[in-house]
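Work through the exercises below with the sequence and the structure side by side, and try each task before you read its solution.

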Amino acid sequence: MHLVERDGELAALLGMLDDRSTGGGSTALISGGIGCGKTELMRRVLSGAEQSGWTVLSAVGTRAERHSPGSVLGQLLRYADVTLEDGSSAAELLEGLVGAGRSAGDGPTPDYDDSALDAAATTALHRLCTAVLQRTEHTPVLVCVDDVQFTDPLSLHWLLHLLHRLPDSRLTVVLAECTLSGPAHPRLHAELLRRADHRRITLGTLSPPGVETLLAEQLGAGPAARLAAGVHAISGGNPLIVRALAEDSRPAVDAAAATDEPTVGDAYGDTVLSCLHSGRPLLLRLAQVLAELDDGTAVAARAARVLEQEPARVERAVRALETAGLTHDGRLRHPVARQAVRDGMSPRRRSDLNRRIAELLYAQGAPATQVARHLSAVEGPVPAWAVPLLREAAERFLAANRAAEAHECVVTALRHCTDDCDRVGLKALLAGTAWLLNPSISARHLGELASALHQGRLPERHALMLAKYLMWHGRFDEAVVALDRIGARAGRLERREAAEIHATRELLSATYPGLVRRAGDTTAAPGRAGAAADPRVRGVAALSRILTHGPDGEAAAAAEAAMRGMQLTKHTQEWLTCAVAALFFADRLEEASTWCDHWLAEARHRNVPLWTAEFASLRAGIAVRGGDLAEARRLAESALALVPAESWGVCLGGPLAHLVHAGTEAGDLATAAAYLDVPVPEGMFESRFGLYYLHARGRYRLAAGQPHAALGDFLACGDLVRRWHFDQPTLVPWRSEAAHAHLALGDTDRARALAREQLALAGEHPSWARAVSLRAVAAASAWQERPALLTEAVELLEGIGDRVQLAGALADLGLAYGRTRRLGRMRPVLDLAARMAEETGALPLLRTVREAGGTSGRRPYAGQGTAGEACGVLTRLSAAERRVAALAARGHTNREIAEKLTITTSTVEQHLTRVFRKLGVRARKELPAASLL
């Protein structure tokens, strides 16, 4: 194996042999951290000496034999061809000397210093030295001892004797010591340093180019060049650890994975642990402290107090770990190393260590969150201050959106808490932290908390939280009791507390409208002024207004303004979902998508599973409405993967509805049916999410040829929304869906009546609800009446962005053109419908259109082409660009377009510039007018 960056050191040692082969002794000491190449360097020196005809005596010191008399000396002489002056064997003399030392008594092994070594032992050691020196009269002799720091006292005494007689012999002594394991005996160092011919060779860690060279030997030049920087940072240039990282990375390299990051696995962790176990016990204990502290702050001082060692000694140990490349700035270099060190401790050792660290940090006034991390690892008794500190840490973690750490703190506090009152409060806090991780965890505590509230043992500040959790899990009776408990105190509330209740009631009334009245009906006056300014209240009030009165630009603007005034925290997350939903139901799909993507990214960054799942489910619903069925399915499935179905409570209807809806539109009825088989809580149908589920199930049943069952679901939706006073088709267009079910059953009159009733309810204002209502009215009308109705529906849907509904409306329009013998318009419209159905993945619709003669093949657009060809290019535009283009094609000026769409004139100009470029037109008159459809 090539010695990387050790050529100079090897040349110096081999040169020393050349210089001393004819006379005069010399010494060398090789120092370095474990794994830095000392042993391999010494092996090369031994090989060079043997090839030059030297007599070689070698030994390796070990920690296990450091107190065994003559262990190193025995390795040097036992099998060497060394005889005494009287012709007897040096090995026999050594055996007698070691045996005498072992039989000297039952006490500890003597140190064999000058005061402990008797005359017979001194004479024996002198004769052994003489025998080696006599051998140099025939051939030069090389004495090598690796890990000399573990040399036993008897062997060390012999080495000192040998060094005293070195100048007049052809004898070279090469020693190697590991700084990580501690220096050799001070007397040996002193003897070496006083010699003028002594050489001190210190082996450092490898440079980045050196690491690359070593990696190239293991993995090849290409992978080595990519991985060198990362391996150097993790290994600190320690060759032994570099080889371990090469071993961990080999599978990825063999699989041709072109990554710049090395794999850090078991070989690395085991090697780091091996290095530490090979060193002084203090270094291992220090590494354990560093693995637990893991902040790099005042390392030596803190570790000295935890380990109860002299600061100077710990400081030297810190430098030894740094020199060996195991640490950097007082921290182990990689999380795998830290975990390996932790795993290497016994549970009792780790618990005791963390208790001492926690006590030290508490005494130094460290933050509660820092102290709590160590208390969580303590298994036995804790100090009296621990439980209050853990509660404080949990609340601070929650404020920072770090739910997992907060949960761990509360669990630890409950493990050590003995006061019943404190335990009830901690249980409430535990339910809150568990809620953010997985609501099903919190469910097991709700019954106890509800009982505690009823008995007056639960502080009333937790009642609001408890009511929300009980509602989520469908335990409505208990939730109402909690809300009544709050209402009974309305006259005694402080302004901030009243505002919190107001916001929560607004939230619950929008989610469980049949169970909770709006806050404005019951909240005490002191909270109303504060509530009016609360962005949470403004956001959820916007949703309630839209659900009650239909799409409203002012309400949508209020929802956006509310979100601008909030950050994602445990006090705002549910209200943010309501504000996004307000934009969604107000037909602001683009804005709803943008905001939901923003909050979803924030939730992922904060690593709160429930938040991420809820925003993913909400975004799936927006994707369904936007016609991106594959994305809707991906998002809804990810939501259920993050939070399992049994943990969603009554809100399970949300992700399930999106999955059923997407599967139905895509023609994957088997998958939709599988999701309908997922058990749902009965209380779900008392929430808004039950509506979504009934609507999606009804659409599935209609697609599956079950119109009677579908009609039942749609009528059930109608019963609920009318009872809740949320009877707006923007929420659930149950009348148009029921109309389609009646048509499937042959009841055209009832279908027409329901469709027209919904159209009237949707009003004249352009909206998604009006568009789907027009489609339903058209389906129940005579063929000659349909084109006008469907043309308006197409225009509306084109501006709103529901691509599946738009494709369906185009298909309906194309079929109407065919039945009214306007064949010149039929084919291009059906082609566009087929293309959009294919792009959105609406396969049943695509089959229907193709059967009617449509094709999804793409055609080049020419400004003077047919109407169908002109309409086809609209799919190249974004939703915003299509809205601007449609108004421009109808002759509106830029200022008029800006006013209609509530955007700036500059934005209109930018949109039109992109539209002209995408469509290849030069003037507004060449734009495809929606009226051509």
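Predicted model: local features only at pLDDT ≥ 70, side-chain atom pairs only at ≥ 80, totals over all residues.

**Exercise 1.** Decide how the rings of Trp435 and Tyr469 are arranged, and state which parts of the chain their pair ties together.

*Solution.* Begin with the count, which comes to ten aromatic pairs. In one of them, Trp435 and Tyr469 have ring centres 4.3 Å apart and planes at 20° to each other; planes under 30 degrees apart count as stacked, so this pair is stacked. Next, locate the two residues: Trp435 belongs to helix α20 (residues 420-437) and Tyr469 to helix α22 (residues 463-472), so the pair ties together parts that lie 34 residues apart in sequence. Finally, both Trp435 and Tyr469 are buried.

**Exercise 2.** Classify the pair formed by Phe584 and Phe585.

*Solution.* The distance from centre to centre is 5.0 Å and the angle between the planes is 65°. Since an angle over 60 degrees counts as edge-to-face, the pair of Phe584 and Phe585 is edge-to-face. Both Phe584 and Phe585 are buried.

**Exercise 3.** Is Phe150 buried or exposed?

*Solution.* First find Phe150 in the loop between β3 (141-146) and α6 (153-164). Its relative accessibility is 8%, and because buried means under 20%, Phe150 counts as buried.

Terms used:
Residues numbered from 1 in each chain as written. Heavy atoms only, no water. Phe/Tyr/Trp six-rings, centres within 6.5 Å; stacked < 30°, edge-to-face > 60°. Helix = DSSP H or I, 4+ residues; strand = E, 2+ residues; numbered from the N terminus. Buried < 20%, exposed > 50% of the residue type's maximum accessible area, 1.4 Å probe, protein only.
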